[in-house]
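Biologist: Please show me the model, and then take me through how its features are read.

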Protein chains: 2
Amino acid sequence: MDTGQGRPGARRKPKITINDIARMAGVSKKTVSRVINDATTVKASTRDKIKALIKEYDFSPDPQARALAFRRSFLVAMIYDNPSPQYIVNMQRGILDALAGSSCQLVIRPCDRNAPDFYDMIGEFIEQQRLFGAVLPPSVSEDDHIAEMLKEADCPYVRIASVELDEPHRMIRTREAHGAAEAARHLARLGHRRIAHIRGPESFRSSHERLRGFQDGLSEFGLHLKDDDIVFGGYTYETGYECARQLLAKPERPTAIFAGNDEMALGVYKAARELGLSVPADISVVGFDDTPIASRIAPYLTTVHSPIRDIGYLAGKLLMDGPKGPKGAMTSITPELVVRESTAAPAF
Amino acid sequence: MDTGQGRPGARRKPKITINDIARMAGVSKKTVSRVINDATTVKASTRDKIKALIKEYDFSPDPQARALAFRRSFLVAMIYDNPSPQYIVNMQRGILDALAGSSCQLVIRPCDRNAPDFYDMIGEFIEQQRLFGAVLPPSVSEDDHIAEMLKEADCPYVRIASVELDEPHRMIRTREAHGAAEAARHLARLGHRRIAHIRGPESFRSSHERLRGFQDGLSEFGLHLKDDDIVFGGYTYETGYECARQLLAKPERPTAIFAGNDEMALGVYKAARELGLSVPADISVVGFDDTPIASRIAPYLTTVHSPIRDIGYLAGKLLMDGPKGPKGAMTSITPELVVRESTAAPAF
DNA sequence: TGCCCCAAGGTAAACGGTTTCCGTCCACTC
DNA sequence: GAGTGGACGGAAACCGTTTACCTTGGGGCA
């Protein structure tokens with residue numbers, strides 16, 4: 001595009017092809033193609049001349065034609081079922097960060113793992129699009145069948161998960177257990193002894209990891225979660241609320257609750273409010289994710305922060321670099337605790 | 001130009017082509033093509049037979065090959081700069097709802113209108129991708145230069161905005177003034193007389209519309225906003241907070257504040273909290289957008305609900321149908337007030 | 001010199017559809 | 001029996017790249 005200020009009479013762009021470049025450079029279009037893709041066997045002087053022409057005429061090869069010849073589109077898909085807008089948007093941005101400068105575009109593919117024709121839909125999508133690659137955040141990432149289909153279709157992919165469930169060059173690990181352990185230590189140091197946990201659903205690996213990490217952190221202080229102080233939530237506001245009602249109705253109620261994510265932590269806030277309990281004076285609350293609400297609500301929520309955008313970036317980078325990318329590439333991310341206002345020493 | 005080389009082309013798959021279908025149907029591939037695309041001049045029985053075969057063998061034409069022949073990709077782009085994750089995600093879903101069943105995919109293109117090379121980037125994107133269409137939510141939708149570039153590239157597009165700024169078949173109107181007027185009436189009926197407004201930035205058309213609608217609503221009750229009761233915010237939590245501090249520090253402070261969006265309304269909550277004012281006893285607050293936070297925070301926020309996903313759906317539909325779509329197609333959406341807990345009669 | 005080999009680059013055929021430009025066949029109608 | 005129009009075929013061109021395969025020229029080496 002020209003940067004000149006807007007003229008009303010815009011010109012029709014004389015679409016320039018690889019042939020034009022070749023003619024002007026005095027070489028065959030094959031050589032131009034070589035320069036564009038893989039300039040290994042082209043003399044430096046020839047390559048420079050062609051590159052100069054490409055730049056001068058602002059030429060870029062037609063993605064559709066390339067895709068046809070390559071038998072592979074220049075599309076990277078993000079396939080996800082995570083419902084959190086914050087998560088989704090940040091992940092998208094991260095992947096796009098990694099795609100910037102490449103000739104790939106990001107197509108999004110939300111889905112519902114419970115839909116009856118789930119695998120058909122995704123399978124068809126994968127088959128048809130001949131994707132350049134796919135990024136799978138949780139919980140789609142935990143679905144081995146999807147990974148299998150992608151492998152089948154010869155489509156590179158990267159899975160983002162809290163546990164190692166594929167080859168290293170296809171994985172970004174989020175060490176969620178670490179963040180959960182930090183939360184546990186924080187509560188233990190504050191002096192809490194009666195601590196409860198609202199965990200996420202069985203079907204999410206992350207909920208296991210968060211629980212595990214939390215237990216590990218507590219055990220460092222000789223503490224442990226009693227079985228009936230672990231209740232199952234569904235990672236939603238409503239379930240968080242209900243679980244909290246249940247926990248706080250006990251005769252000997254806990255002085256601190258670790259919610260499996262921020263949404264449920266907000267549910268705990270609501271339950272506490274209704275019961276006339278003050279956060280953090282009567283009950284300390286810790287969340288997980290650090291969604292924007294966490295720093296908007298009163299009291300500001302102590303939670304575990306995951307750098308979602310960075311994770312997306314790593315995943316995208318890993319995808320673009322392929323198995324033979326730099327060996328030292330980072331492939332894991334460690335969430336950290338952010339202490340705000342919702343935790344305090346228990347009153348005795 | 002990094003194309004992620006080193007990926008060998010896909011290995012051979014028993015991929016079925018249009019020729020196979022044609023052979024099996026006993027027709028020429030041209031007729032199959034007719035069925036796939038247009039089917040106007042194909043006899044019903046032939047068409048049915050071909051369709052059955054297509055379904056049986058699960059054939060779908062290669063998008064890349066079609067794109068090359070059509071000189072147009074099967075990609076619909078959503079180009080946006082709106083920072084609200086909730087808005088983005090819902091809009092994406094809405095557009096995808098409309099794209100379902102078509103052969104189009106959704107590619108996303110966030111951008112920053114303040115970047116120095118903004119128009120270059122977008123222009124290049126539009127030129128290269130030969131998009132099937134584009135959806136422009138605010139505030140990108142308000143940029144005539146972008147619309148011009150799209151028209152130039154012969155790319156259909158739909159703009160979503162609160163005012164009519166393009167031909168009807170390229171517009172989805174969000175009648176935000178209506179929702180704002182409802183908010184005004186609600187406050188007026190409660191008995192508020194001293195009302196303030198934290199408006200959005202000058203550069204957003206929506207901020208004008210919301211102000212205008214609010215004023216219209218007030219005037220029905222013989223009320224009006226004094227000039228210094230209208231302050232400029234930036235649609236962010238922080239600016240909402242600062243504006244509220246300013247308004248609430250006045251000797252004769254307002255009894256109600258209409259914030260231009262929910263983010264700013266949360267800022268008002270914070271300011272009120274700091275000043276020891278209770279919502280809604282001391283100050284009523286109304287937001288706009290109905291983000292999820294609005295129904296998570298205490299007190300639940302009275303706000304104006306926009307069905308973003310529906311809007312996205314309409315935009316996508318309009319795009320797919322084109323100018324010759326059904327005449328009676330709905331092309332406007334009216335946001336409605338949702339009364340919750342943050343508004344009450346003023347204390348005298 | 002003769003031979004081999006490699007770097008550098010060319011040629012033509014894919015890639016998998018759509019389109020153009022006729023034609024043909026056939027059933028109806030007048 | 002001629003005219004008409006709908007349904008469909010055939011061949012080739014085309015879309016703009018990449019790729020399989022081949023040529024060419026020149027240098028190293030025995």
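The dialogue below covers chain A as a whole and then a strand in chain B.

Modeller: This is a predicted model, in which local features need pLDDT of at least 70, side-chain atom pairs count only at pLDDT 80 or more, and totals for chains, interfaces and linings use all residues. Residues are numbered from 1 along each chain as its sequence is written, chains are lettered from A and ligands numbered from 1 in the order written, and side-chain values use heavy atoms, leaving out hydrogens and water.

Biologist: How many helices and strands does chain A have?

Modeller: Helices (H or I, at least four residues) and strands (E, at least two) are DSSP runs, numbered from the N terminus. Chain A has 12 helices and 12 strands. Its radius of gyration, taken over C-alpha atoms, is 26 Å, well over the 20 Å that the globule rule (2.2 Å times the number of residues to the power 0.38) gives for 348 residues, so chain A is more spread out than a compact globule. Along the principal axes, the C-alpha atoms of chain A fill a box of roughly 85 × 50 × 40 Å.

Biologist: Which residues of strand β3 of chain B are buried on each side?

Modeller: Buried means under 20% relative accessible area, with a 1.4 Å probe and protein chains only. In β3(B), residues 133-136, B:Gly133 and B:Val135 are buried on one side, B:Ala134 and B:Leu136 on the other.

Biologist: What does β3(B) pair with?

Modeller: Two strands pair if DSSP finds at least two bridges between them. Strand β1 of chain B (residues 75-80) runs parallel to β3(B), joined by three bridges; B:Ala77 has B:Ala134 as its bridge partner. Strand β4 of chain B (residues 157-161) also pairs with β3(B) in the parallel sense, over three bridges, and there B:Leu136 stands opposite B:Arg159.

Note on methods
Buried means under 20% relative accessible area, exposed over 50%, partly exposed in between (1.4 Å probe, protein chains only).
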